[in-house]
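Student: Could you take me through one part of this protein up close? I'd like to hear about the side chains and what they touch.

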Amino acid sequence: WTVLASAFISFCILLIAIPTGVWQFINTSDVIQEVSVTPISGTVFLTRPSSSLQGVVETIGDIEETSLIDSDANSQGTIAFYSPDKKTQLGTMQLYGNTRVTLAEMRSPRFEVWNPHPHQMIVDLPRGRARVNLNGGIPRAILFVIRTGTSTIQLNRGGSYSIEVTEQSVEVIVRDGSASISANGSTVALDSGQRALARTGLPPQRTTTGERN
């Protein structure tokens, strides 16, 4: 009887655990997006995880996670993010002079029908200026996170955003869309036409307009 009871209990556990595990995999599994880098002017520099620094003189695709992209004072470039099947452009990040970006994570759901999570990109921007344009015309949500070292900026939906990072401050301008910036234990939400400034060591402050004086 003890052997039969143990076998029955094991069967019940497997009956529950296997479908649950399969559903968990389907619901959380993701794949890396297709990412490319294109110079606009001058030479943009790319350092892949397993290779040395190289100059980008034309579009380069298949950019891996943790790749480092640099622009010098006289160069600009664009990072383009696509769905894993390469059919849908999710957004772009234009880099201006003296800007450094690390592509920490760029993931999309593997099983789009059953996985409710958004397309997600996480980048590190320790210095420089960038403009992010996120596509608002696709069914799945897009979450774009920018980490500056002193603050975290979250772009919540399609739109156009400008970010500038210096040693003294981090500035976010929402031209169209919705965002938030968190620094020093405080978070400020921004809508279209709003701007926030987070000075080093201080919480972010919202302004009434997205335009610079």
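Tutor: Here is a walk around one arginine and then a glutamate. Keep in mind that this is a predicted model, where local features need pLDDT of at least 70, side-chain atom pairs count only at pLDDT 80 or more, and totals for chains, interfaces and linings use all residues. Residues are numbered from 1 along each chain as its sequence is written, and side-chain values use heavy atoms, leaving out hydrogens and water.

Let's start with Arg206, which sits in strand S17, residues 205–207 (strands, E, at least two residues, are DSSP runs numbered from the N terminus). At 45% relative accessibility, Arg206 is partly exposed; that label falls between buried, under 20% relative accessible area, and exposed, over 50%, with a 1.4 Å probe and protein chains only. Leaving aside residues up to four places away in sequence, Arg206 touches Val188, Ala189, Leu190, Gln194, Arg195 and Ala196 (contact means heavy atoms within 4.5 Å). With Ala189, the backbone oxygen lies 3.0 Å from a polar atom of the Arg206 side chain.

Now follow Arg195, one of the residues that Arg206 touches. The Arg195 side chain is joined to that of Glu171 by a polar contact of 2.5 Å (a pair of N or O atoms within 3.5 Å; within protein, one must be able to donate a hydrogen and the other to accept it, and residues adjacent in sequence count only if both atoms are side-chain atoms). Glu171 belongs to strand S13, residues 169–176, and counts as buried because its relative accessible area is 9%.

Methods
Helix = DSSP H or I, 4+ residues; strand = E, 2+ residues; numbered from the N terminus.
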